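I opened my notebook for a first walk through this structure. Here is what I looked up, entry by entry.

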Amino acid sequence: MTIKRWAEELAQIVNPSNIKTNESLKTYTMTKLGGSADVFVLPETEEEAAAIVKYAHQNEVPLLMLGNGSNMVVRDGGVRGIVISFTKLDEIRIDDEKIYAQSGALIKEVSRLAAVNSLTGFEFACGIPGSVGGAMAMNAGAYGGEIKDIIIDCTVLTKEGERIVLSKEELELSYRKSIIAKKEYFVLSSNFQLKKGDQKEIDELVADLTYKRESKQPLEYPSAGSVFKRPPGYFAGKLIQDSGLQGKGVGGAEVSTKHAGFIINKGNATATDYIETIEMVKRTVKENFDVELELEVKIVGEDVTN
């Protein structure tokens, strides 16, 4: 009855066609793993998003933000409460050397539009698979660049549904960290500062970074991307590789033979397989090098109960 009531009351906020109950999250995550959400909802406007967040807070309903699902592992038992996705909030606007992007826009699409408009500074993100919201929450970066290098400000919702604008300083961006993740804010939109560049140089850099990514990462398999943060003084992939873990795993999950920092779903993995492989890697690296690997991916949801 509770799930039905949540769905009925949310239908007063958003179009009922954007509400699904007992919705499998496998199709919404890059790992293609995980159980179902009690209620899955897709707001079409920032006002709807704020109303949903406020509803969940006032009714004490658990609420989980699911971005592009590129940096998240959903356990096999699924997620209780409401899962909200901002994928329909995907507007991108360019104003001279500034770019405005809503939370649900793909970060690589923002990077692409910057490049075709001769704007430089966003090339590092040309292969990052996540959304703007997810990229903001973890200060995403690659190939020497990161979000904090180009961000102006970010509009978020608090857990109470209040809308606030955070400056670059207030975002507290550091390596894979931000005030957004710390306070569990919901990103609505961001403004980025770029600068005019040479089109030929931009195109060459994008082509080079794309080649590096495609040649070194196991993009042919579902995965959560880079699983672990870079430990101080080390590279996670090198530690895993030197531990002899490539090609090893649990069930249908396996440490990639192409890039040891990735754990892939070979096609028949469960979320439990994936998580147990993560734990096996952490344990082995700790034994071999006395280094504690810290997760870059987020594990959410519940285990299957018998």
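Predicted model: local features only at pLDDT ≥ 70, side-chain atom pairs only at ≥ 80, totals over all residues.

**Entry 1: a buried glutamate**

Is glutamate 46 buried or exposed? Its relative accessible area is 8%, and because the cut-off for buried is under 20%, glutamate 46 counts as buried. I found glutamate 46 in helix 2, which covers residues 46-58.

Next I asked which residues glutamate 46 touches, leaving out those up to four places away in sequence. I noted Leu89, Tyr100, Gln102, Arg163, Leu188 and Ser189. With glutamine 102 there is a polar contact, side chain to side chain, at 3.1 Å. With arginine 163 the side chain of glutamate 46 forms a salt bridge, 2.9 Å from N to O.

I then checked where the two partners of that bridge sit. Arginine 163 belongs to strand 12 (residues 163-167) and glutamate 46 to helix 2, so the pair links distant parts of the chain, 117 residues apart. Arginine 163 is partly exposed, with a relative accessible area of 48%.

**Entry 2: other salt bridges**

How many salt bridges does the structure hold? I wrote down 19.

I looked at glutamate 254 and lysine 266, whose closest N and O atoms are 3.2 Å apart in a salt bridge. This pair also links distant parts of the chain, twelve residues apart: glutamate 254 is in strand 16 (residues 253-255), and lysine 266 is in the loop between strand 17 (262-265) and helix 8. Glutamate 254 is buried at 14% relative accessibility, while lysine 266 is partly exposed at 44%.

Lysine 286 and glutamate 292 came next, with their side chains in a salt bridge at 3.7 Å, N to O. Here lysine 286 is partly exposed at 32% relative accessibility, and glutamate 292 is exposed at 56%.

I also noted a network of salt bridges that links Asp38, Arg80 and Glu302.

I looked up the domain assignment, which gives domain 1 (3-84), domain 2 (92-214) and domain 3 (218-298).

How much area do domain 1 and domain 3 bury between them? The value is about 1100 Å², with 57% of it on carbon and sulfur atoms. On the domain 1 side, Leu33, Asn71 and Val73 lose the most area to domain 3, together 47% of what that side buries.

I counted polar links too: seven residue pairs are in polar contact across this interface of domain 1 and domain 3, and the count of salt bridges between these domains is zero.

Asparagine 22 has a positive phi, near 45°. I placed asparagine 22 in strand 1 (residues 19-24), and at 52% relative accessibility it counts as exposed.

Aspartate 290 has a positive phi as well, near 55°. I found aspartate 290 in the loop between helix 8 (271-289) and strand 18 (298-300). Aspartate 290 is exposed, with a relative accessible area of 57%.

Notes: Residues numbered from 1 in each chain as written. Heavy atoms only, no water. Domains from an automatic or database assignment. Buried area = accessible area lost by both parts, 1.4 Å probe. Salt bridge = Lys/Arg side-chain N within 4 Å of Asp/Glu carboxyl O. Polar contact = N/O pair within 3.5 Å; in protein donor to acceptor, adjacent residues only side chain to side chain. Helix = DSSP H or I, 4+ residues; strand = E, 2+ residues; numbered from the N terminus. Contact = heavy atoms within 4.5 Å. Buried < 20%, exposed > 50% of the residue type's maximum accessible area, 1.4 Å probe, protein only.
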